[in-house]
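Reader: I am new to this structure and would like to go through it step by step. Could you show it to me?
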2 protein chains.
Amino acid sequence: MTLANPNHVFRALSDPTRRAIFEELTRHGEQTVHALTRYAGVSQPAVSKHLTVLKRAKLVRHRRDGRETHYRAQADALAPMVDWLDRYGAFWRERFDKLEGLLNRMEP
Amino acid sequence: MTLANPNHVFRALSDPTRRAIFEELTRHGEQTVHALTRYAGVSQPAVSKHLTVLKRAKLVRHRRDGRETHYRAQADALAPMVDWLDRYGAFWRERFDKLEGLLNRMEP
DNA sequence: ACAACGCATAACCGTTTGGTTATGGTTTAT
DNA sequence: ATAAACCATAACCAAACGGTTATGCGTTGT
C-alpha cells in the first residue's frame, strides 16, 4: 500500500463535511454517492468534490457498478496522521510506547 | 482542562506551516515568537497569526516576559484528534484495544 | 426508443485563508 | 532620552475553498 501525502490526509480531514462522510462510510460501510448525498446535507456535486479530496488522500476507494459508484472508507490511510500523533503527541506517545513494548514482548 | 472544539484542532493542524511550528515547540520546548519566525520561513506577523490559530485550538499556551512572548506546545490538546482516530481508525482501534487489554490485565 | 437516473465536471461566486507590508505599543539597551 | 527590539494588529491581496446551478455522458427502466 502506497502511503498518501500526510498533507493531503490532514487537509482532507480538516473539513467537517468531509469528516462526516468518512465517518458515515466507516460506520455503515460502502455507499453510493446518492446515499451519501442524502446524508451529507449538501448537493450531489459538492459530495462528489469532497469524495475527490478524500480520494487524493487515499481515505476512500471507489468501485463502479453500472451507473452507480460505491465508495468505501480506507481506514489504514490514516496511518500518516497516526504516525504524526505518535511523534508529536507526547502524552499519547508515552501511553503507546508502554503498550507497544508489552506487545513486542508477547508477540515476537 | 477544557477540551477544545475538535474542528479547531483539525483545522489548525491542516496547515503545514502551523504543524511545523507545533513540531518545533514540541521538539525544542518553549520559544519566543522571534525564534519561531527565524525557524518558520515566513514573516513575523504570519507566525503571530498562526500562533493565534493554534491558541484557538488550545494547542499552544503563551507566557509574556517583558517584550517577549514565549509559546509552548500543549500536547494534550491533541486529545480530540486522538479520540477521533480511536473511533474511526478501525485498524488502529483494533491494535490499540488489544494493547490496552493487555495493559489492564497487567496493571490493575 | 426514450425518459429518468447516477455521477462527474464545468462554470461561477462569495468567503476564507495564508501571506505580505505598515503601524503602533510596550519593553529593553545605549 | 532616544533608539532599537519584540510582538500584535490592521490593511490589503491573490489564491484556494466550499458551495451552488448547469450540463453532459453512460446506464437503467419502461
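Predicted model: local features only at pLDDT ≥ 70, side-chain atom pairs only at ≥ 80, totals over all residues.

Reader: Let us start with the DNA. How many residues surround DNA strand C, and which are the closest?
Author: DNA strand C is surrounded by 22 residues. The closest are A:Thr32, A:His34 and A:Pro45, along with B:Ser43 and B:Gly66.

Reader: Which elements give two or more residues to that surface?
Author: From chain A they are helix H3 (33-40), helix H4 (44-56) and strand S3 (68-73), and from chain B helix H4 (44-56). The largest share, six residues, comes from H4(A).

Reader: What classes do the residues of the surface near DNA strand C divide into?
Author: Six are nonpolar, 11 are polar and five are charged.

Reader: And DNA strand D, which residues are the closest there?
Author: Of the 22 residues that surround DNA strand D, the closest are A:Ser43, A:Gly66, B:Thr32, B:His34 and B:Pro45. Here the largest share of the surface, six residues, is supplied by H4(B). At least two residues each come from H4 of chain A and from H3, H4 and S3 of chain B.

Reader: Changing topic: how many residues has the largest nonpolar core?
Author: That core has 44 residues. Those with the most contacts inside it are Val9, Leu54 and Leu59 of chain A and Val9, Leu54 and Leu59 of chain B. As a general point, nonpolar side chains tend to be buried together in soluble globular proteins.

Reader: What does A:Leu54 touch?
Author: Leaving aside residues up to four places away in sequence, A:Leu54 touches A:Ala12, A:Arg18, A:Ile21, A:Phe22, A:Leu59 and A:Val60.

Reader: Now the sheet in chain B. In what order do the strands come?
Author: Its three strands form an open sheet in the order S1-S3-S2, with antiparallel pairing. S1 and S2 of chain B are the edge strands, each pairing on one side only.

Reader: How many bridges join the strands S2 and S3 of chain B?
Author: Six bridges join S2(B), residues 60-65, to S3(B). B:His62 has B:Tyr71 as its bridge partner, and B:Arg61 has B:Arg72. Two bridges join S1(B), residues 31-32, to S3(B), where B:Thr32 stands opposite B:His70.

Key
Residues numbered from 1 in each chain as written. Chains lettered and ligands numbered in written order. Near = placed C-beta within 6 Å. Helix = DSSP H or I, 4+ residues; strand = E, 2+ residues; numbered from the N terminus. Nonpolar A, V, L, I, M, F, W, Y, C, P; charged D, E, K, R; others polar. Core = buried A, V, L, I, M, F, W, Y, C linked by C-beta atoms within 7 Å. Buried ≥ 20, exposed ≤ 12 C-beta atoms within 10 Å, placed from the backbone. Contact = placed C-beta atoms within 7 Å. Pairing = 2+ DSSP bridges.
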